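Take a look at the sequence and the structure below.

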Amino acid sequence: MTTAGPHVLITGGGRGIGRHLVNGFLANGAAVGVLEYDSDLCDELQQLDGCSAWQCDVSDADDVDLALSAAFDANFVPNVLINNAGIIHSEPLVNMLSRDDRVHSRAAWKRVLAVDLDSVFFVTSRVIDYLLARRQTAVVISISSISASGNAGQSAYAAAKAGVNALTKTWARELGPLGFRFASVAPGFLDTPSTRSALSETTLDRLKQQIPLRALGDVDHIWQTVRFLIENDYVNGTVVEVDGGLVL
Ligand code: NAP
């Protein structure tokens, strides 16, 4: 499959990595559909030639079903799905500096698992079911993180992303025989607004010294990897780390 021509469904395509992927696919002539939380961003995306957007909280199963029904009714039949929407959350398991409840917020735990992991299950299961009924196939790429291997201070995020990688491998085995392919892309630290709002300049400088390539990644590195995973018909169940060699 090539990146020109397909129908690509991207979750959280309103900003950040997702928006860069939207722009990349549109520039390559693909039809792009976006499931996005922010209705203003949906309006903005609708203005782009070749792009459709449906307002949706992908952590909510009913919302996903409604948005996907609208997409399918509009004859948007994805043969590439990018599960990108996610929130980055850092919090220690027990905050020893706090006087009150020192344990990791349970609300934050649930929210991160819902947005980063449940969403992948909700969206992918509906899309695959729809395609199977029409004897069509797809490539499903989920944006994970190197935190999936374990990262101090990121219990919920690491668990969610490890779950995403497990789903990639499970579905690769389960649905590979039916012609579907799955992969995860696990970025390290990218120079994005979400990274800069989560980490101080000092922390980023320290991190850069730990990365063998001594630099943060760029959203374009993710676009290059996604393109490769779509075009290479023999890759299935793989987690590709894009981290400058941070996790070896
Ligand atoms: P971002 O800039 O915050 O963009 C995330 C997008 O997803 C936004 O458009 C956001 O919409 C949307 N979104 C969030 N929750 C949603 C929900 N419940 N339903 C629908 N849309 C939702 O984040 P990013 O940095 O591009 O990250 C994208 C993905 O890459 C995430 O899965 C993240 O974990 C992963 N990642 C990022 C980095 C990095 O360095 N940036 C590193 C490793 C992994 P709103 O703005 O309206 O909420």
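## A residue in helix H6

Ala-198 is partly exposed, with a relative accessible area of 44%. Here, buried means under 20% relative accessible area, exposed means over 50%, and partly exposed is in between (1.4 Å probe, protein chains only). Ala-198 is found in helix H6, residues 193-198. Helices (H or I, at least four residues) and strands (E, at least two) are DSSP runs, numbered from the N terminus. Ala-198 and Arg-15 are 183 residues apart in sequence, and their C-alpha atoms are 16 Å apart in space.

The model is predicted: local features need pLDDT of at least 70, side-chain atom pairs count only at pLDDT 80 or more, and totals for chains, interfaces and linings use all residues. Residues are numbered from 1 along each chain as its sequence is written, and side-chain values use heavy atoms, with hydrogens and water left out.

## H1 against H8

Helix H1 covers residues 16-27, and helix H8 covers residues 219-231. They pack at an angle of about 55°, with their axes 9 Å apart. Axes are lines fitted to C-alpha atoms, for helices over the stretch in contact, and angles run from 0 to 180 degrees between N-to-C directions. That angle makes H1 oblique to H8. The classes are roughly parallel (under 35 degrees), roughly antiparallel (over 145), roughly perpendicular (65 to 115) and oblique (the rest).

H1 passes H8 in a right-handed crossing. A crossing is right-handed if the near helix is turned clockwise from the far one by less than a right angle, and left-handed if anticlockwise. Which residues of H1 meet H8? They are Ile-17, His-20, Leu-21, Gly-24 and Phe-25. On the H8 side are Val-219, Asp-220, Ile-222, Trp-223, Val-226 and Ile-230. Contact means heavy atoms within 4.5 Å. The residues of this contact divide into eight nonpolar, two polar and one charged. Ala, Val, Leu, Ile, Met, Phe, Trp, Tyr, Cys and Pro count as nonpolar, Asp, Glu, Lys and Arg as charged, and the others, Gly among them, as polar.

## H4 with its partners

H4 and H5 pack at an angle of about 15°, with their axes 7 Å apart. H4 and H5 are therefore roughly parallel to each other. H4 passes H5 in a right-handed crossing. Among the H4 residues in the contact are Trp-109, Val-112, Phe-121 and Leu-132. Among those of H5 are Ser-155, Lys-161, Val-164 and Trp-171. The contact of H4 with H5 has 16 nonpolar, three polar and two charged residues.

H3 also packs on H4, at an angle of about 35°, with the axes 10 Å apart. The crossing of H3 and H4 is right-handed. From H3 come Ala-61, Val-64, Asp-65, Leu-68 and Phe-72. They meet Phe-122, Val-123, Arg-126, Val-127 and Tyr-130 in H4. By class, eight residues in the contact of H3 with H4 are nonpolar, none is polar and two are charged.

## Two nonpolar cores

A nonpolar core is a set of buried Ala, Val, Leu, Ile, Met, Phe, Trp, Tyr and Cys residues joined through side-chain atoms within 4.5 Å. The largest such core has 36 residues. Within this core, Leu-35, Val-127 and Phe-182 touch the most other members. Helix H3 (61-73), helix H4 (106-133) and helix H5 (155-175) each supply at least two residues of this core. H4 gives the most, with 10 residues.

Val-127 touches Leu-9, Leu-68, Phe-72, Pro-78 and Leu-81, not counting residues up to four places away in sequence.

## Loops and positive phi

Most residues other than glycine have a negative phi. Asn-75 has a positive phi of about 60° although it is not a glycine. Where is Asn-75? Asn-75 is in the loop between H3 and strand S4 (80-83). Asn-75 is exposed, with a relative accessible area of 61%.

Arg-135 is not a glycine either, and its phi is positive, near 55°. Arg-135 sits in the loop between H4 and strand S5 (139-143). At 79% relative accessibility, Arg-135 counts as exposed.
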